[in-house]
Amino acid sequence: MTNERIIVPLDVPDLQRAITLLDRLPQVNFWKVGLELFTSSGPTILEVLKSRQKRIFLDLKFHDIPNTVAGACRGAASYGVDLLTVHASAGKDALKAATDAVQVGALQAGVQPPKLIAITLLTSISSLQLAKDLKVPLELPEYALTMALMAQESGFKGAVCSPQEVTHLRQVCGDDFLLVCPGVRPIWSHQADQKRSLTPAQAILAGANYLVIGRPITAAPEPELAWQKIVAELNTVK
């Protein structure tokens with residue numbers, strides 16, 4: 001179903017505003033919980049989402065030494081969320097530690113383990129910034145692919161990438177590797193801080209499994225209408 005492929009971020013500062021957004025968009029089935037909300041509300045927001053039978057993308061972007069990443073993933077796996085992110089740039093040892101840890105954490109909690117999704121490169125970073133600020137000698141598409149392949153080899157189920165890298169990653173990583181795309185912006189929406197963006201329809205056609213679409217919906221004067229407009233656009237994709 002089209003609406004199952006859209007993940008809406010709960011990028012709000014507190015639990016009450018998150019619940020208000022949930023109440024306003026009951027038709028959304030897949031929600032992202034990121035650093036801002038999780039830091040302020042803790043796992044309470046996850047309990048709220050699960051009580052409403054919603055799917056959860058816990059986007060905490062773990063990035064640390066392997067032992068710490070493993071501990072964080074073990075704890076996060078106990079929440080029974082659907083997707084969980086780790087920065088691929090933490091390195092192969094950390095990625096492998098995460099893969100083992102989510103199995104242990106989920107087993108101990110009696111829940112299904114989350115699918116680990118690697119962050120290849122934040123969509124706010126441009127090719128120029130990758131080279132000039134981060135001093136990475138690879139071209140941006142090659143760097144994103146390198147990170148995705150390292151994650152796949154470490155047992156990860158997918159990667160987060162910009163829509164502009166989807167086609168290449170899909171060709172190389174195969175059909176079973178999940179590709180989650182933030183930075184998706186309808187033509188009628190402001191790009192804001194997203195540097196590598198496509199429209200929802202373009203991203204799906206390029207091979208994305210999931211689209212993370214936030215401000216075009218949540219910051220719209222009428223979020224319900226913005227949601228309906230995006231779903232209608234995606235329903236035209238064959």
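**Close-up views of a predicted model**

**View 1. Threonine 120 in its loop.** In this predicted model, threonine 120 sits in the loop that links β5 (115-119) to α6 (127-132). Is threonine 120 buried or exposed? Its relative accessibility is 3%, so threonine 120 counts as buried, the cut-off for buried being under 20%. The side chain of threonine 120 comes to 2.6 Å from the backbone oxygen of valine 160. Leaving out residues up to four places away in sequence, threonine 120 also touches Tyr143, Ala144, Met147, Ala148, Ala159 and Cys161, as well as Val160.

**View 2. Strands β5 and β6.** The strand β6 covers residues 158-160 and runs parallel to β5, with 3 bridges joining the two. Across this pairing, isoleucine 117 stands opposite glycine 158 in β6.

**View 3. The barrel.** The strands β1-β2-β3-β4-β5-β6-β7-β8 form a closed barrel of 8 strands with parallel pairing. From one strand to the next, the twist averages 25°.

**View 4. Cysteine 73 and the largest nonpolar core.** Which residues have the most contacts inside the largest nonpolar core? They are Leu10, Ile45 and Cys73, in a core of 74 residues. Apart from this core lies another, of 11 residues, which includes Phe30, Val180, Tyr210 and Val212. In soluble globular proteins, nonpolar side chains tend to be buried together. Setting aside neighbours within four places in sequence, cysteine 73 is in contact with Phe62, Leu84, Val86, Ala98, Ala101, Val102 and Leu116.

Methods:
Residues numbered from 1 in each chain as written. Predicted model: local features only at pLDDT ≥ 70, side-chain atom pairs only at ≥ 80, totals over all residues. Heavy atoms only, no water. Core = buried A, V, L, I, M, F, W, Y, C linked by side-chain atoms within 4.5 Å. Buried < 20%, exposed > 50% of the residue type's maximum accessible area, 1.4 Å probe, protein only. Contact = heavy atoms within 4.5 Å. Helix = DSSP H or I, 4+ residues; strand = E, 2+ residues; numbered from the N terminus. Polar contact = N/O pair within 3.5 Å; in protein donor to acceptor, adjacent residues only side chain to side chain. Pairing = 2+ DSSP bridges. Axes fitted to C-alpha atoms, helices over the stretch in contact; angles between N-to-C directions.
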